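Biologist: Could you walk me through this model, one piece at a time? I'd like to start wherever you have it open on the screen.

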Amino acid sequence: MKIVDARVIVCSPGRNFVTLKLTTEDGVTGIGDATLNGRELAVASYLSDHVCPALLGRDASRIEDTWQYLYKGAYWRGGPVGMTAIGAVDTALWDIKGKVAGLPVYQLLGGRARDGVLVYGHANGRDVGEAIEWVHDYVERGYRAVRVQVGIPGLASTYGVADEKRYYEPADRGAAPTENLWSSETYLRAIPDALERVRDAFGFDLHLLHDVHHRLRPIEAAELGKRLEEVRLFWLEDPVPGELQEGLRLIRSHTTTPIAIGEVLPTIWDFRTMLTEQLIDYVRTSVQRAGGISHLRKITSLAELHHARTGCHGATDLSPVCMAAALHFDISVANFGIQEYMPHTAETDEVFPHDYRYANGYLQPGESPGLGVEIDEAAAARFPYERAYLPVNRLLDGTMHSW
Ligand code: KDG
Ligand code: MG
């Protein structure tokens, strides 16, 4: 089952997506999501200039061997660009294997370990009142878990608080990144009270989540976790930048608020200390970021051993191809926790027709052979790439701040 064609398709149906399409000598196709938000063309080039030529003639059935060939064989290991590229190849090969077997991918991963995939939606508001209105909107649509982001009085704009509520988009089109101002002091003064008000409005039957987007230092995050204990969050996400794994010890020793980390982290090595020392509760990486289904399974097994669960990233910069793959993974894995779900726009859904479905707070992977998602290349061609960036953060004195 030789690979005879490997192509990268870049399109922008409302936002940029990079998709890898592999074709075998028997005409079976598989696709993988290679989108790296704000750095899309770097992965497109990594794939078309370096990976695709080396895939031609390889046996499409050898998924693990191809993963090792691309990871170890490159000499330059890890990193978001390389791992996103490997993830796209791996996802496309699982898609092909499912189509050849005539089975949805989750059946190849061991079948259903649960009846549906619990998802959380995104509510945000310029103030608590508006955030509460949007939480209501999600509750009315059956959601059992909602992430809540609230504008911070005194900060002109806050990442995660958008004008467009239904199809929230983290990146901005333009020649350079937009800039947000950040002050941990201002944020820490406002956010505990805001989340308490949301909890009071909905009671404890609804799961509430909150994302710090890596902007605190460990001691600040420890304080926040402690002050939020009564709110009983499902998780506090990315309280600090994840690469300082040791910093999580400080947070952990001060609070029982559950911690989720990892949407920017691509390899099992990036999670090693935080999992083996039980410093986090949820692994936030994704099929797209972490080298595909094959490598995400390994990270998840390490997490299972240390009582951590999955919480796969699922913002709009993860295409329906990644979402389909995530759902096959989520439904089959023992230590699943929750799946992030931000619906895509109608234009994106037109480019990526898929058979996964939302109902009553849960998503279901489709039953078609493979991943159950395709790319309509004619539709994709109508939406050419447009430069876009994630914003950057500066402190009030102009210093560049962390994500
Ligand atoms: O590309 C970055 C976004 O996907 C990310 O910032 C959104 O933090 C996010 C989340 O939890 O969805
Ligand atoms: Mg996040």
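Modeller: I have a strand pairing in view, where Tyr120 stands opposite Glu340 in β13. Please keep in mind throughout that this is a predicted model.

Biologist: Which strand is joined to β13 there, and how do the two run?

Modeller: Strand β4, residues 117-125, is joined to β13 by two bridges, and the two strands run parallel. β13 also has strand β12, residues 309-312, joined to it by three bridges, again running parallel, and in that pairing Gly311 stands opposite Ile338.

Biologist: How many of the β13 residues are buried?

Modeller: Five of its five residues are buried, so I would call the strand mostly covered. Take Gln339, which is found in this strand, residues 336-340: its relative accessibility is 0%, and therefore it counts as buried.

Biologist: What is Gln339 in contact with, apart from its sequence neighbours?

Modeller: Leaving aside the residues within four places in sequence, Gln339 is in contact with Val117, Leu118, Val119 and Tyr120, with Cys312, His313 and Gly314, and with Met323, Ala326, Leu327 and Asp330.

Biologist: Are Asp211 and Glu263 buried or exposed?

Modeller: Both Asp211 and Glu263 are buried.

Biologist: I also had my eye on Arg215; where does that one sit?

Modeller: Arg215 is in the loop between β8 and α7, and because its relative accessible area is 2%, it is buried. Beyond its neighbours within four places in sequence, Arg215 is in contact with Thr158, Tyr159, Trp182, Ser184, Asp238, Pro239, Asn393, His401, Ser402 and Trp403.

Biologist: And how far is Arg215 from Gly398?

Modeller: From C-alpha to C-alpha, Arg215 and Gly398 are 15 Å apart in space, while in sequence they are 183 residues apart.

Biologist: Which residues have a positive phi although they are not glycines?

Modeller: Arg232 is one of them, with a phi of about 50 degrees, and Gln278 is another, with about 55 degrees. Arg232 is found in the loop between α7 (218-227) and β9 (235-237), and Gln278 lies in the loop between α9 and β11 (282-283).

Biologist: Why do you call Arg232 exposed, and what about Gln278?

Modeller: Arg232 counts as exposed because its relative accessible area is 58%, which is over the 50% cut-off. Gln278 has a relative accessible area of 39%, so it is described as partly exposed.

Biologist: Let's go to the start of the chain. What does the sheet with β1 look like?

Modeller: Three strands form an open sheet in the order β1-β2-β3, and the pairing is antiparallel. The edge strands are β1 (3-11) and β3 (29-33), each of which pairs on one side only. On average, neighbouring strands of this sheet are turned by 20 degrees against each other, with direction ignored. Between β1 and strand β2, residues 17-24, there are eight bridges, and Arg7 stands opposite Lys21 in β2.

Biologist: Which helices lie on those strands?

Modeller: Helix α1, residues 40-55, lies across β1 and β2 and runs at about 170 degrees to β1. Helix α3, residues 80-101, packs on the sheet as well, touching β1, β2 and β3, and its direction makes about 145 degrees with that of β3.

Biologist: Last topic, the whole protein: how many helices and strands does it have, and is it compact or extended?

Modeller: The protein has 13 helices and 18 strands. For 403 residues a compact globule would have a radius of gyration near 22 Å, and the protein has 20 Å, which agrees. Along its principal axes the C-alpha trace spans about 60 × 45 × 45 Å, and 59% of the 403 residues count as buried. Among contacts between residues at least 6 apart in sequence, 73% join residues at least 24 apart.

Methods
Residues numbered from 1 in each chain as written. Chains lettered and ligands numbered in written order. Predicted model: local features only at pLDDT ≥ 70, side-chain atom pairs only at ≥ 80, totals over all residues. Heavy atoms only, no water. Helix = DSSP H or I, 4+ residues; strand = E, 2+ residues; numbered from the N terminus. Buried < 20%, exposed > 50% of the residue type's maximum accessible area, 1.4 Å probe, protein only. Contact = heavy atoms within 4.5 Å. Pairing = 2+ DSSP bridges. Axes fitted to C-alpha atoms, helices over the stretch in contact; angles between N-to-C directions. Rg over C-alpha atoms; globule rule 2.2 N^0.38 Å.
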